[in-house]
Amino acid sequence: MSEALDELDVAAMAKAGQGDASAFAGLVHRHSAWAVGFVERLLGIRADAEDVVQQAFLRVWQNAEDWQPNAKFRTWFYQILYRLAVDQIRVRRRQPGFEELDEQAHAHPDDPASHWQQQRQGADIRAALMSLPERQRTALVLCHYQGLSQKEAAALLAVNEGALESLLSRARAGLRQRLTEYRR
Amino acid sequence: MSEHEPRPGWQRFCQCLEAYGAEPARWPEAERELFERFAGEPEAEALIAEARWLDAELDRFPSPAPDAAFAETILARIRPTGASIHVVPGRRRWALGMGLAASVLLGFGLGWRQAPMTEVPDLFGGLLFGPSSAESVLQPDFPLEAGNSLDVSS
């Protein structure tokens, strides 16, 4: 992200802290797309991702007055999104039936046409990604889809860059294995 | 044993390919040179093709940008004064509504049993719209400390 956009965010947060809803609207428009993409690939379900992003933006608004520009808005917003998404994952794990829902996503119908359709729509890669441990999946989402640098992704996960690389290697190896299994 | 193993950088090339895939732009900047060094060699090309296959698989999970209504939903929920709001996900909103309705009915029932008939108006003011319940609904549940540290797990 360019420095000009970072400055735009800082100015928007300052105004939002004073109750300027139009400045806040600018933040929402600039950051919604990548935020939804990030959370959707962590949670696997679009509606849940939109709920989380909505909550995150409202928390930004609630806390805008206290925000200090000692980090990029985008970095700070990533932290909010990630922690809310992790909370959502924990809530899901406590709900009975979650595993079954996940398994349904993995299931392959015998009908080759349906199987082809499922592949075409990316259901199998989605299921494979969701089957990874949460931190491996997050590392992969941050580096592959979100395009964060190793330094940025490692900071968000609170690990060093060597540990990030290890998470990525295991994530890709796990993904390759699962995709191969699904297609047997 | 690989024919490349003794060559400087080969092992690191393989590690980067395994972790970051076949797109050098995703590699650590200092190691992108390794990609150029080995690309084109048959053994390296086989590994690159495998990594490229996985990259392509990952790219089959699209996430379209939300439509304009998504931003409007967020903006409709904020208050111009910056006052805090308790956010309720859409799918659980009905449950909250049922809970609130049950609380109101319970409160009304208890008050009806305990209060003399002449005190009914005060009962409504105190139980349903008193300052303590309003404050609890509007309290922020996500306080920020100095330096923007966040703890949403608590």
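This is a predicted model: local features need pLDDT of at least 70, side-chain atom pairs count only at pLDDT 80 or more; totals for chains, interfaces and linings use all residues.
# Close-up views of helix H3 in chain B

**View 1. H1(B) and H3(B) form a right-handed crossing.** The axes of H1(B) and H3(B) come within 10 Å, crossing at roughly 15°. Because angles under 35 degrees count as roughly parallel, H1(B) is roughly parallel to H3(B).

**View 2. Residues of H1(B) meet residues of H3(B).** Which residues of H1(B) meet H3(B)? On the H1(B) side, look for Trp10(B), Phe13(B), Cys14(B) and Leu17(B). Their partners in H3(B) are Glu43(B), Ala44(B), Leu47(B), Ile48(B) and Ala51(B). Sorted by class, this contact of H1(B) with H3(B) has 8 nonpolar residues, no polar ones and 1 charged residue.

**View 3. H3(B) spans residues 42–58 of chain B.** Take a moment to follow this helix from end to end. Its 17 residues reach 25 Å from the first C-alpha to the last. That is close to the 24 Å expected at 1.5 Å a residue.

**View 4. H3(B) has buried residues that pack against helices of both chain A and chain B.** Which residues of H3(B) are buried? They are Ala44(B), Ile48(B), Ala51(B), Leu54(B), Asp55(B), Glu57(B) and Leu58(B). Among these, Ala44(B), Ile48(B) and Ala51(B) are buried and also take part in the meeting with H1(B). From chain A, the buried residues of H3(B) pack against helix H7 (123–130), helix H8 (134–145) and helix H10 (161–182). From chain B, helix H1 (10–20) and helix H2 (32–38) join in.

View 5. Reading from the N terminus, you will find its elements in the order α-α-α-α-α-α-α. Chain B has 154 residues, and 31% of them count as buried. Among contacts in chain B with a separation of 6 or more, 47% involve residues 24 or more positions apart.

**View 6. Chain A, which supplies H7, H8 and H10 to the packing around H3(B), has 10 helices and 0 strands.** Along the sequence, chain A reads α-α-α-α-α-α-α-α-α-α. Of its 184 residues, 52% count as buried. Residues 24 or more positions apart make up 67% of the contacts in chain A with a separation of 6 or more.

Definitions and conventions
Residues are numbered from 1 along each chain as its sequence is written. Chains are lettered from A and ligands numbered from 1 in the order in which they are written. Side-chain values use heavy atoms; hydrogens and water are left out. Helices (H or I, at least four residues) and strands (E, at least two) are DSSP runs, numbered from the N terminus. The expected span of a helix is 1.5 Å times one less than its number of residues. Buried means under 20% relative accessible area, exposed over 50%, partly exposed in between (1.4 Å probe, protein chains only). Contact means heavy atoms within 4.5 Å. Axes are lines fitted to C-alpha atoms, for helices over the stretch in contact, and angles run from 0 to 180 degrees between N-to-C directions. Angles under 35 degrees count as roughly parallel, over 145 as roughly antiparallel, 65 to 115 as roughly perpendicular and the rest as oblique. A crossing is left-handed if the near helix is turned anticlockwise from the far one by less than a right angle, and right-handed if clockwise. Ala, Val, Leu, Ile, Met, Phe, Trp, Tyr, Cys and Pro count as nonpolar, Asp, Glu, Lys and Arg as charged, and the others, Gly among them, as polar.
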